[in-house]
Amino acid sequence: MIRIYHNNRCSKSRQTLELLQNNNQEIEVIEYLKETPTAAELKDVLQKLGMKPEQLIRKGEAVYKEQFAGKSLSDDEWIQAMVENPVLIERPIVVKGDKAVIGRPPENVLSLL
């Protein structure tokens with residue numbers, strides 16, 4: 001089973017989902033803007049990605065520029081920021097077992113197949 005944290009309005013997310021579907025994968029789609037991951041879920045995903053929370057932040061988003069740009073937050077504070085503002089979460093994130101990748105470019109997910 002592959003899980004994708006997906007935003008249908010994002011072309012890279014749609015392309016990544018299509019790539020998974022074309023490879024006949026069993027997919028759980030999580031529309032993370034509607035079903036926001038918990039702090040524990042984000043910590044788990046970050047561990048699988050091998051990333052620090054701040055590395056998963058979309059710094060081009062208006063909410064980042066207005067509320068977080070230039071701030072030095074702890075890992076837990078960045079995670080809380082993503083829980084409260086899921087638009088800040090980089091997308092798409094694809095998880096399989098104990099590994100995860102960001103689908104930018106979409107071909108990154110091939111390493112999980």
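## Sheet, helices and aromatic cluster in a predicted model

Strands β1 and β2 pair in the parallel sense over 5 bridges. Here helices (H or I, at least four residues) and strands (E, at least two) are DSSP runs numbered from the N terminus, and two strands pair if DSSP finds at least two bridges between them. This is a predicted model, in which local features need pLDDT of at least 70 and side-chain atom pairs count only at pLDDT 80 or more, while totals for chains, interfaces and linings use all residues. Residues are numbered from 1 along each chain as its sequence is written, and side-chain values use heavy atoms, with hydrogens and water left out.

**The sheet**

The open sheet consists of 4 strands in the order β2-β1-β3-β4, with mixed pairing. Because β2 (27-31) and β4 stand at the edges with a single partner strand each, one side of each is left without a neighbour in the sheet. On average, neighbouring strands of this sheet are turned by 20 degrees against each other, direction ignored. Axes are lines fitted to C-alpha atoms, for helices over the stretch in contact, and angles run from 0 to 180 degrees between N-to-C directions.

The antiparallel pairing of β3 (residues 93-96) with β4 (residues 99-102) extends over 4 bridges. Lys96 has Lys99 in β4 as its bridge partner. The two strands, β3 and β4, form a hairpin with 2 residues between them, and Gly97 in the turn has a positive phi of about 60 degrees.

Contact means heavy atoms within 4.5 Å. Helix α2 lies across β1, β3 and β4, and runs at about 85 degrees to β4.

Within strand β1 (residues 2-6) lies His6, which counts as buried at 3% relative accessibility. Buried means under 20% relative accessible area, exposed over 50%, and partly exposed in between (1.4 Å probe, protein chains only). Apart from its neighbours within four places in sequence, His6 is in contact with Ser13, Arg14, Leu17, Val29, Ile30, Glu31 and Tyr32.

**Nonpolar cores**

A nonpolar core is a set of buried Ala, Val, Leu, Ile, Met, Phe, Trp, Tyr and Cys residues joined through side-chain atoms within 4.5 Å. The largest has 22 residues, and Leu56, Met82, Leu88 and Ile93 have the most contacts inside it. At least two residues of this core come from each of α2 (39-49), α3 (62-67), α4 (75-84), β3 and β4. A second, separate core has 8 residues, including Ile2, Ile4, Val101 and Val109.

Not counting residues up to four places away in sequence, Leu88 touches Leu56, Ile57, Arg58, Glu61, Val63, Tyr64, Phe68, Ala81 and Met82. Ile57 is found in the loop between α2 and α3 and, at 6% relative accessibility, counts as buried. Leaving aside neighbours within four places in sequence, Ile57 is in contact with Tyr64, Trp78, Met82 and Leu88. The C-alpha atoms of Ile57 and Leu46, 11 residues apart along the chain, are separated by 11 Å.

Trp78, Ile79, Ala81 and Met82 are buried in α4. Seen down the axis of α4, its buried residues fall within an arc of 155 degrees, so they line one face of the helix. The arc is that of the directions from the helix axis to the C-beta atoms. These buried residues of α4 pack against α2 and α3.

The structure holds 2 aromatic pairs, listed below. Rings of Phe, Tyr and Trp (its six-membered ring) pair if their centres lie within 6.5 Å; planes under 30 degrees apart count as stacked, over 60 as edge-to-face and the rest as tilted.

| Pair | Distance of centres | Angle of planes | Class |
|---|---|---|---|
| Tyr64 and Trp78 | 6.3 Å | 20 degrees | stacked |
| Phe68 and Trp78 | 5.9 Å | 45 degrees | tilted |

Tyr64 is buried, with a relative accessible area of 10%, and Trp78 counts as buried at 1% relative accessibility. Phe68 lies in the loop between α3 and α4 and Trp78 in helix α4, so their pair ties together parts that are 10 residues apart in sequence. Phe68 and Trp78 are both buried. Tyr64, Phe68 and Trp78 form one aromatic cluster.
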